[in-house]
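I opened this notebook to record what I looked up in the structure shown below. The entries follow the order in which I made them.

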Amino acid sequence: QLPERSIVLLHACCHNPTGVDLSNEQWAELVPVLQRRKLIAFVDMAYQGFGAGLEEDAACVRMLAEADIPLIAANSFSKNFSLYGERCGALSVVCKSADEAGRVLGQLMSTVRANYSNPPTHGARLVANVLSDASLRASWEAELATMRERILAMRGTIHAGLAGRVDEVMRARYVAQRGMFTYTGLSESQVERLRSEHAVYVLRSGRMCVAGLNARNAEYVASSIAAVVAGA
């Protein structure tokens, strides 16, 4: 029901805070809706590389660009380059012509000038250095893959640890959702019991930071979740 030229905010991958992403098939269903309604897609890509992979996590951005949908994409290097304090990233606007790109750039430069004029360059130079050097880029991609695989392993451990102990809908979310965060489906009272009885801390909403788990505590967390669900 949005009016034409409305901006639609979309997450490319590893949705924060839910961990629930659109599948490629669902993105394909969304494209004609955006085209028909003449909507502008604004894609937030803060966790590229933490879902299925660097290339895979950007699939929706390429899909939207190829469909000739007005597209703005914001990507962050805070997570995948561990540059939290630098707040480093990029804003990309896909335009139909060089003339349009020139006019958009003029608007962006005016906005940048009014907002911060000259941002810190350390983070941007670091990222540019790594991405432009084949050896450094390969090393970074390998380290990023290690982090992604570790998060997937923690999800798998929780999923396995809950087998036969909670219903399959609650259990499946640990492997169906992606990225650093997952909604566990726990109620606020269960979260309180998790904290007071098992010293396991998640947000009252049931949101868990999967990246906070490790090989030493993941099985204990799974057992603790099963215990509070059983005692609900």
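**Entry 1: Salt bridges**

I began with E55, which forms a salt bridge with R62; their closest N and O atoms are 3.2 Å apart. I note at the outset that the model is a predicted one. I then looked up how open the two partners are. E55 is exposed, at a relative accessible area of 52%, whereas R62 counts as partly exposed at 39%.

My next pair was R178 and D57, whose side chains meet in a salt bridge at 4.0 Å, N to O. This pair links distant parts of the chain, since its members are 121 residues apart. I placed R178 in the loop between helix 7 and strand 5 (181-183), and D57 in helix 2 (residues 54-57). R178 is partly exposed, with a relative accessible area of 24%. D57, in contrast, counts as buried at 1% relative accessibility. I also found D21 joined with D57 and R178 in a network of salt bridges.

A further pair that I checked was R193 and E197, with a salt bridge of 2.9 Å from N to O. Both residues lie in helix 8, 4 residues apart, which is about one turn of the helix. R193 is partly exposed at 24% relative accessible area, and E197 is partly exposed at 47%. For the whole structure I recorded a count of 9 salt bridges.

**Entry 2: Strand 3 and its partners**

I asked which strands pair with strand 3, and in which sense. Strand 2 (residues 40-45) pairs with strand 3 in the parallel sense, over 5 bridges. Within this pairing, I found L71 of strand 3 to be the bridge partner of A41. Strand 4 (residues 89-94) pairs with strand 3 in the antiparallel sense, over 6 bridges. Here N75 stands opposite A90 of strand 4.

I then asked whether the faces of strand 3 are covered or open. Both are covered: L71, A73 and N75 are buried on one side, and I72, A74 and S76 are buried on the other. Strand 3 (residues 71-76) is largely enclosed by the rest of the structure, because 6 of its 6 residues are buried.

**Entry 3: Nonpolar cores**

I turned to the largest nonpolar core, which has 37 residues. Within this core, L162 and I225 touch the most other members. I listed the helices that each supply at least two residues of the core: helix 5 (122-132), helix 6 (134-161), helix 7 (168-176), helix 8 (188-198) and helix 9 (218-230). Helix 9 gives the largest share, 6 residues.

I looked up the contacts of I225, leaving aside its neighbours within four places in sequence. I225 is in contact with L162, Y174, L186, L194 and M208. I also recorded a second, separate core of 18 residues, which includes A12, L39, A58 and A73. A73 is a residue I had already noted as buried on one side of strand 3.

C13 is in no disulfide, and the nearest cysteine sulfur, that of C14, lies 4.2 Å away. C13 is buried, with a relative accessible area of 1%. C14 also counts as buried, at 2% relative accessibility.

Note on methods
Residues numbered from 1 in each chain as written. Predicted model: local features only at pLDDT ≥ 70, side-chain atom pairs only at ≥ 80, totals over all residues. Heavy atoms only, no water. Core = buried A, V, L, I, M, F, W, Y, C linked by side-chain atoms within 4.5 Å. Buried < 20%, exposed > 50% of the residue type's maximum accessible area, 1.4 Å probe, protein only. Contact = heavy atoms within 4.5 Å. Pairing = 2+ DSSP bridges. Disulfide = S-S within 2.5 Å.
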